[in-house]
Amino acid sequence: MLPNDSQRPDPDALLAQVQAQEKKAARGRLRIYFGASAGVGKTYAMLAAARKLLADGQDLLVGVVETHGRQDTAAQLDGLPVLPLKAIEYRGKTLFEFDLDEALRCAPALILMDELAHSNVAGSRHPKRWQDVEELLAAGIDVLSTVNVQHLESLNDVVGGITGVRVAETLPDTVFDRADEVVLVDIPADELLHRLKQGKVYQPQQAERASQHFFRKGNLIALRELALRRTADRVQDDVQAYRVEKSINPVWKTGAALLACVGPHAGGEHVIRSTARLASQLNAEWHALYVETPRLQRLPAGQRERILKTLKLAQDLGARTAVNPSADIAGAVVEYARSANISKVIVGRSRTGALARLWHASPAARMASLAPDIDLVEVGLPPADAAPRRAAGEDAEAPRRSSRHWRYILAAGASLATALASVPLQPYLDLANIAMLSLLTVVLVAVRLGRGPAALASLVGVACFDFVFVPPRFSFAVGDFQYVITFGVMLAVGLITGHLTAGLRFQARVASHREARARALYEFSRELSGVLQTEQIFDITKSAIERAFRARATLLLPDDDGSLQAPNGGEPLDIGIAQWAFDHAQAAGTGTDTLPASPIFYLPLIAPMRTRGVLALLPLEGAHRGRWLLVPEQRQHLDTFAALAAIALERVHYIDVAQGALLQMESERLRNSLLAALSHDLRTPLTSLVGLAESLALSRPALSPAQLDMARSLQSETVRMSALVANLLDMARIESGQVRLNLQWQALEEVVGSALRASGPQLQQHAVQTQLAPDLPLVRYDAVLIERVLCNLLENAAKYTPPGSTITVAAGVHGQFLQVTVADDGLGLPPGREEAIFEKFTRGERESNKPGVGLGLAICRAIVEAHGGTIHAQPHAPGQGAAIVFSLPLGTPPAPPEIELDDANDHETGKPT
């Protein structure tokens with residue numbers, strides 16, 4: 001291998017890089033102006049940059065910019081070409097949003113899109129503004145935008161915990177990370193508070209409230225730190241991507257990451273703890289690396305157990321752990337440090353003596369030689385009394401040591417056998433050919449038995465060659481000095497060949513293991529890609545993990561309440577441990593810090609949306625069962641299997657959800673069509689019947705008393721049927737979106753009075769009380785529809801309460817809503833049906849002689865929600881009546897018209913106007 005082979009670029013990687021660059025060249029560029037909070041100057045900085053680009057001849061357009069009444073920002077907007085906003089009707093209001101179609105038609109080179117996390121109004125093409133930006137970028141249009149730190153999805157809960165305010169509009173971190181440029185706009189907290197007091201952030205009334213809640217100095221300092229750290233993370237990713245793109249090998253000391261080197265000797269835990277303390281002091285991330293050479297692979301089980309526990313300790317202390325197989329420890333450490341751009345490597349102090357260091361350089365010395373640009377920190381030896389004692393498991397290594405002894409015996413025997421087999425061939429072969437047979441034996445021993453036995457075979461082979469074939473024969477004396485050179489060359493060639501062959505054997509074994517893991521993952525993902533049922537995922541996952549990890553596997557899935565269900569048969573599982581792993585999304589059982597005495601390993605199946613179940617494994621490795629769980633690569637391999645299974649379970653779940661939703665949509669569409677058709681076909685004859693019944697009761701000559709009762713009964717029933725059909729028709733119209741709200745600022749008292757008058761016949765046998773607050777504000781609503789809501793609620797209360805009951809209508813202001821309650825003192829609602837009664841064709845009593853089809857409350861909910869409000873039933877104790885509460889959002893009523901001063905003076909003086 002040439003010295004620079006490790007630095008030679010991969011052709012496939014180069015091709016992928018070229019294709020990615022071509023795709024990126026056809027896509028627009030996104031620049032985000034990022035800040036800690038509102039008022040730091042993001043929009044101002046974006047507009048200032050746009051004005052400079054416009055002066056340089058750049059073709060740009062202002063898509064949408066929110067000035068929030070800030071004069072400085074509005075001044076920057078003057079003179080820039082602005083795209084007209086698109087008017088969208090929403091719940092009777094006209095709102096203005098970004099016109100994506102017009103922007104694509106104009107196709108400017110650059111467009112300004114303020115507030116990237118903004119939610120578009122219903123009726124827009126995309127629900128989020130960042131999705132509009134993605135379409136603009138795909139069309140090759142560059143975009144400038146702004147984002148606050150509290151709008152990042154990953155930091156939304158963190159900011160909410162700091163400020164007590166959790167914003168609803170969020171931006172996926174992937175959009176932020178994919179941006180081509182991120183410009184941090186930052187000012188100190190005191191300066192921002194000064195701007196707030198000057199009215200440069202919000203209007204005076206808003207500024208007063210903001211200073212008491214969100215805009216407190218402590219909040220602003222914390223948000224500023226979050227913004228700086230998030231920007232630093234983004235810049236660090238940019239630096240690493242640039243180094244990879246340009247194939248830059250030297251380490252750039254832009255960060256403070258640490259790398260702890262774990263060795264096979266005692267004191268590894270001391271190095272790990274020292275590195276963890278140093279990383280905590282520097283507030284830096286750190287890694288732990290163990291390089292496994294062919295010699296280290298043959299360590300006793302006790303020492304290997306100690307290494308795995310050291311790596312587990314590093315992982316528990318927050319390190320990223322890795323095990324890299326390599327024959328060169330120093331080279332592997334330097335390669336890892338360069339790939340991760342780690343500038344500081346922590347090593348333990350060598351225990352070898354001076355003579356040993358003269359003969360063989362320590363790994364630290366070789367690291368210093370290979371990478372002079374990397375800082376090496378040597379940690380002192382641990383106290384003598386703290387050195388780990390010999391592991392108890394090492395006493396069980398006698399059989400393994402015996403097997404190693406047999407390998408050496410076999411190696412020596414192979415060389416002796418080769419020498420004896422060559423004796424009859426001496427008359428036919430030269431001594432050089434006999435020496436080649438000895439070297440062939442050394443190579444075969446290296447392939448089958450390893451490096452140490454191959455070295456012994458080389459020594460025994462040289463001795464046998466001297467004793468048996470070199471004159472004087474059957475003596476170790478050498479008659480010709482040239483044979484001494486021959487012996488030296490044979491020994492050197494044998495040792496070198498054995499060393500190289502053993503190294504290739506080790507690399508081939510490592511490559512075989514990697515290939516097996518990759519093939520297992522590929523086959524597992526391929527089998528999962530086509531499954532459509534949970535049972536198939538269960539069987540495929542169980543068989544794949546049992547093959548890959550030599551362990552019996554079981555999947556535990558939750559029910560609708562989130563409780564794991566034990567499978568029928570199989571291994572005896574501890575459902576309590578499995579439920580803990582499911583609830584906390586953390587592994588438990590053997591090999592972990594949570595209930596490690598359990599022989600079973602419980603791994604949660606964490607999908608992108610939620611935890612989908614638990615994977616239970618019972619390792620089958622005899623006396624050392626479960627030790628593979630401590631190996632980072634094996635654990636990462638298992639985590640990958642679990643992630644694939646979780647994603648497959650989530651995909652099947654959402655397939656079921658989508659099918660159910662599609663079936664429900666089709667059922668709703670069919671039912672609405674039937675409702676509309678029946679309502680229209682029945683309404684005309686019912687209207688005629690109502691008119692005929694009224695005419696019959698008033699006909700001349702007058703009807704007899706019996707005939708008059710029959711006519712009035714006919715009229716009552718036809719009126720009731722007409723009301724039912726009207727309900728059906730109204731429900732169909734509301735759900736089809738054909739109802740237009742006539743929103744006006746009105747007093748609630750007028751609608752309550754008209755509803756009571758309209759419901760008078762139904763309320764004749766009930767007492768009605770009104771409890772309206774004296775200071776109710778004006779509310780913007782459709783009087784006809786809200787009267788319909790009140791009438792339905794009053795009729796329901798009268799229908800399901802006995803005569804003489806009291807019905808109460810109350811109203812008052814609660815927060816930002818006007819709350820209206822219709823309550824009674826009847827038997828109350830059936831337990832557990834507080835939500836079900838608002839569904840279509842649902843009645844308060846399942847079997848009853850009371851008239852109705854169960855649409856009244858469904859119509860109420862549709863009307864209230866169309867006004868932007870809510871409606872619900874308040875649960876009461878049985879026998880204490882029922883209460884239906886609906887809320888309408890408050891707003892700011894328009895100011896009353898002012899009387900001109902001259903007219904007011906005329907009225908005061910009594911002058912004619």
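**From the chain to single residues**

The secondary structure of the chain comes to 28 helices and 23 strands, where helices (H or I, at least four residues) and strands (E, at least two) are DSSP runs, numbered from the N terminus. This is a predicted model, in which local features need pLDDT of at least 70 and side-chain atom pairs count only at pLDDT 80 or more, whereas totals for chains, interfaces and linings use all residues. Residues are numbered from 1 along each chain as its sequence is written, and side-chain values use heavy atoms, with hydrogens and water left out.

Of the 913 residues of the chain, 39% count as buried, a term that means under 20% relative accessible area, with exposed being over 50% and partly exposed in between (1.4 Å probe, protein chains only). Among the contacts in the chain with a separation of 6 or more, 69% come from residues 24 or more positions apart, contact meaning heavy atoms within 4.5 Å.

Two packed helices are described by the angle between their axes and the distance between the axes. Helix α18 (residues 431–449) packs with helix α19 (residues 451–469) at an angle of about 160°, and their axes are 9 Å apart; the axes are lines fitted to C-alpha atoms, for helices over the stretch in contact, and angles run from 0 to 180 degrees between N-to-C directions. The two helices α18 and α19 are therefore roughly antiparallel to each other, on a scale where angles under 35 degrees count as roughly parallel, over 145 as roughly antiparallel, 65 to 115 as roughly perpendicular and the rest as oblique. On the α18 side the residues that meet α19 include Leu-431, Ile-434, Val-442 and Leu-449, and on the α19 side those that meet α18 include Pro-453, Gly-461, Phe-465 and Phe-469. The residues of this contact of α18 with α19 divide into 12 nonpolar, three polar and no charged, with Ala, Val, Leu, Ile, Met, Phe, Trp, Tyr, Cys and Pro counted as nonpolar, Asp, Glu, Lys and Arg as charged, and the others, Gly among them, as polar.

A second pair is formed by helix α25 (residues 748–758) and helix α26 (residues 783–799), whose axes come within 9 Å and cross at roughly 50°. That angle makes α25 oblique to α26. Val-751, Val-752, Ser-754, Ala-755, Leu-756 and Ala-758 in α25 meet residues of α26 that include Ile-786, Glu-787 and Leu-794. The residues of the contact of α25 with α26 divide into 10 nonpolar, one polar and one charged.

Leaving aside its neighbours within four places in sequence, Asp-173 is in contact with Leu-152, Glu-153, Ser-154 and Arg-230. Phe-549, which lies in helix α21 (residues 534–549), counts as buried at 2% relative accessibility; Phe-549 and Leu-638 are 89 residues apart in sequence and 8.2 Å apart in space, C-alpha to C-alpha.

Backbone angles deserve a look as well. Asn-341, in the loop between α14 (329–339) and β11 (344–348), has a positive phi near 55° although it is a residue other than glycine, and at 11% relative accessibility Asn-341 counts as buried. Ala-585 has a positive phi of about 55° and is not a glycine; Ala-585 is found in the loop between α22 (575–584) and β14 (588–589) and is partly exposed, with a relative accessible area of 34%.
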